[in-house]
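Hi everyone, thanks for coming. I'd like to walk you through a structure that may be new to you, so please have a look at it with me.

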Amino acid sequence: MRPDSAVSVPDMPAIDLQDVSKTYGSVVALDQVSLRVEAGEWLAVMGPSGSGKTTLVNLAGCLDTPSSGSVWVDGVDVSSFSRRELARFRAEKIGFIFQQFHLVPYLTALENILLAQYFHSLADAAEAMAALERVGMAHRARHLPGQLSGGEQQRVSIARALINDPAIILADEPTGNLDERNEEAVMELLRAAHQAGKTLVMVTHDPTIARYADRRIQLHHGRITDISIFSEDDEREFDQILSKLWTLRENHEPLHDDSLRIAGPLSVGRAIAAMTARGWLCRENGRITLLPPGEKRASDLIRRHRLTELLFSHTFELRNEAELEDQAFKFEHSLSPEATARICAFLGHPRACPHGSPIPQGDCCPAAS
Ligand code: ADP
Ligand code: MG
């Protein structure tokens, strides 16, 4: 039941900033920043006001050019593009969402979408209406931005950002001017865009909003000071999911989200998305397959767990099931790979746990005959 381990070719990053600086007179807005955003990734950019977040997003979005360093978008070095070339490239590849919406005030919602289409290729009213429909704004198509609430304007700008099907969405504080309810609606639309495979770079002040992303970076005075991936609790949830997937597969049960009833800080969907971004697993038509790195990690987890159970039941003669589980659980999380290998050797490289489930072999184990 091993998954096919297809050879994976490292994909081209969607955005690759290489040693990028941007200065305005004596102000250094960005200071030698290098950053790769993978295709399909959702990155949150955080940091205090004035730390360079907007500058970073504008450079990645070809709205501006760096003072030094190079900016690669979708495999193309855009640093030396002329304004005209940048505009063309931007219309093709990137959708923008701004805190202040930036809708043209004297054009209706529909006309704002038509204008974005026009800049890209051809205006198509039916398509533009369908885009408004998708963000729940068809009934406001003929309204001017001034006649719409903040949440409604942001939904129109999301429709505008998506209308030309760009690979990359850049959102600069997209929920900065919204109340909680509209914030949720906007995040739902961004999540859908991410699930449809878009690369998302989102600036936000708000840690709860940032948690939607696969990865978060922090800017201070134009430099990246922190790349926080996930909290320890999040990591524990990933491990629980991996262990669960392993045992489901062992029992020949289907691997899909519904089988994963795991209570953790992240929803299972978000955890799976993050694990997919790490290359641990892939999901197709709701079915999950462990990829080699996820396979290895799951195997290590299961091995550690079952060896610990065996150690506790045989060596310490813990027979009470609940106590065994409890002690083993507390103990195994502190085990290093070396200690695990020593326990394995001490127990004679056992093949099965006290419940009879197979113990995955480690490097220390003699090769199976
Ligand atoms: P953030 O989005 O994190 O609030 P910005 O990227 O807008 O930060 O700005 C970073 C720094 O660059 C700030 O000190 C800001 O004043 C300065 N800055 C940004 N844009 C300009 C500009 N067009 N002219 C002069 N200074 C600018
Ligand atoms: Mg800003």
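Predicted model: local features only at pLDDT ≥ 70, side-chain atom pairs only at ≥ 80, totals over all residues.

Let's begin with ligand 1. Which residues surround it? Tyr24, Val27 and Ala29 are among them, together with the run Pro48, Ser49, Gly50, Ser51, Gly52, Lys53, Thr54 and Thr55. A polar backbone atom of Ser51 sits 3.1 Å from an oxygen atom of the ligand. For Gly52, a backbone N or O atom is 3.0 Å from a ligand oxygen. With Lys53 the side chain takes part: one of its N or O atoms is 2.8 Å from an oxygen of ligand 1.

Now to the helices. Find helix 3, residues 109-120, and helix 4, residues 125-134. Their axes are 9 Å apart and the packing angle is about 120°, which makes helix 3 oblique to helix 4. The crossing is right-handed. Helix 3 brings Ala109, Leu110, Ile113, Leu114 and Gln117 to the contact, while helix 4 brings Ala125, Glu127, Ala128, Met129 and Leu132. Sorted by class, that contact has 8 nonpolar residues, 1 polar and 1 charged.

Helix 3 has another partner: helix 5, residues 150-162. Here the axes come within 9 Å and cross at roughly 25°, so helix 3 and helix 5 are roughly parallel. This crossing is right-handed. Ala109, Asn112, Ile113 and Ala116 of helix 3 meet Val156, Ala159 and Arg160 of helix 5, giving 5 nonpolar, 1 polar and 1 charged residues.

Technical notes
Residues numbered from 1 in each chain as written. Chains lettered and ligands numbered in written order. Heavy atoms only, no water. Axes fitted to C-alpha atoms, helices over the stretch in contact; angles between N-to-C directions. Helix = DSSP H or I, 4+ residues; strand = E, 2+ residues; numbered from the N terminus. Parallel < 35°, antiparallel > 145°, perpendicular 65-115°, else oblique. Left-handed = near helix turned anticlockwise from the far one by under 90°. Contact = heavy atoms within 4.5 Å. Nonpolar A, V, L, I, M, F, W, Y, C, P; charged D, E, K, R; others polar. Near = heavy atom within 4 Å. Polar contact = N/O pair within 3.5 Å; in protein donor to acceptor, adjacent residues only side chain to side chain.
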